[in-house]
Structures are given as structure tokens and as C-alpha cells.
Protein chains: 2
Amino acid sequence: MKKVKAIVYVRLKDEVLDPQGKTIALAMENMGYKEFGAVRSGRFFELECDSFPELQNRIDEICTKLLSNPVIETYRVEMVS
Amino acid sequence: MKKVKAIVYVRLKDEVLDPQGKTIALAMENMGYKEFGAVRSGRFFELECDSFPELQNRIDEICTKLLSNPVIETYRVEMVS
């Protein structure tokens with residue numbers, strides 16, 4: 001069975017405050033990097049898996065149940081073969 | 001000045017153990033998702049910035065000084081306009 005890699009990117013929704021991003025933006029300003037504006041942070045997960053027909057649905061299930069909090073976060077999935 | 005977004009992806013080097021990824025892989029197995037193998041985790045940061053000639057070097061500097069630990073982590077930068 002063909003092996004693929006699914007990369008799941010999880011980030012806070014735009015309307016949700018991101019204290020980690022704010023802190024990084026402040027640190028960058030204090031370090032003299034004035035050309036930069038807002039910073040948003042997120043996480044990603046690389047899942048190794050077999051390629052099978054239901055894969056996309058299965059990954060959506062894992063994302064909503066385990067990898068993200070759908071109330072405040074969004075995710076997108078990228079498949080790499 | 002043109003606004004661009006730089007997305008910095010930071011992940012542990014392949015030879016460095018990733019306990020968070022291991023835990024997620026275990027949780028997935030316990031939840032019945034048997035088709036999946038190893039999981040690796042990482043973080044990303046979206047930096048809003050002006051486009052200027054030295055931008056790439058500046059971002060490399062920020063990555064090594066602030067956003068990643070070059071001893072155990074690697075990063076890659078994606079520019080989105």
C-alpha cells in the first residue's frame with residue numbers, strides 16, 4: 001500500500017486572541033526588528049499513513065477529535081506523497 | 001510598501017526524539033486509527049511584514065535568534081504575498 005504523509009496545520013481562528021504571537025511580536029520589536037507587524041502562531045503535525053480511499057474523512061475525524069479544538073481553532077490538511 | 005506574510009515552520013530535526021508526536025501517535029492507536037504510523041509535531045509562525053530587499057536575511061536572523069533552537073530544530077520559510 002502506498003505510503004503518504006498528511007500534514008495538518010492547526011491555528012487559532014483570526015478572531016481569537018493569540019497571546020503567544022503577541023509576545024513574539026513584542027520580543028521582535030524589542031530586538032530591533034521594526035519592519036514586522038502582527039505575529040500569529042500555530043502548530044502542525046506530520047502523520048505518516050497508508051493511502052486508502054477513506055483517508056481524507058479519517059483525517060478530518062482525527063483533526064476534530066484530537067488535534068484541534070474546533071471552537072477556537074481551524075485546520076487545513078496538506079497531502080505529501 | 002508592499003505587505004507580505006512570511007510563514008516560518010519550525011520542527012525538531014529528524015534524529016531528535018519527539019515525545020509530543022509519540023503521544024499523539026499512541027492516542028490515535030488507542031482511538032482505533034490503526035492505519036497511521038509515526039507522528040511528528042512542529043510549530044509555525046505567520047509574520048506580517050513590509051517587503052524590502054534584506055527581508056530574507058532578516059527573517060533568517062529572527063529564526064535562529066528567537067523562533068527556533070538551531071541545535072535541535074530546523075526551520076523553513078514560505079513567503080505569501
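Analyst: Two strands pair if DSSP finds at least two bridges between them. Strands (E, at least two residues) and helices (H or I, at least four) are DSSP runs, numbered from the N terminus. This is a predicted model: local features need pLDDT of at least 70, side-chain atom pairs count only at pLDDT 80 or more, and totals for chains, interfaces and linings use all residues. Residues are numbered from 1 along each chain as its sequence is written.

User: How do you know that strand 1 of chain A pairs with strand 3 of chain A?

Analyst: Eight bridges join strand 1 to strand 3 (residues 73-80) of chain A, and the two run antiparallel. The cut-off is at least two bridges, so they pair. K5(A) has V80(A) as its bridge partner in strand 3 of chain A.

User: What joins strand 1 of chain A to strand 2 of chain A?

Analyst: Nine bridges, antiparallel. V8(A) has F45(A) as its bridge partner in strand 2 of chain A.

User: Why is strand 1 of chain A called largely enclosed?

Analyst: Buried means under 20% relative accessible area, exposed over 50%, partly exposed in between (1.4 Å probe, protein chains only). Eight of the ten residues of strand 1 (residues 3-12) of chain A are buried, so the rest of the structure largely encloses this strand.

User: What makes chains A and B related as by a two-fold rotation axis?

Analyst: Superposition is by least squares on the C-alpha atoms of residues with pLDDT of at least 70 in both copies. A rotation of 180° with 0.0 Å of shift along its axis puts chain A on chain B, RMSD 0.0 Å. The two copies are therefore related as by a two-fold axis. R43(A) comes closest to that axis among the residues of chain A, at 2.1 Å (C-alpha).

Conventions: Chains are lettered from A and ligands numbered from 1 in the order in which they are written. Side-chain values use heavy atoms; hydrogens and water are left out.
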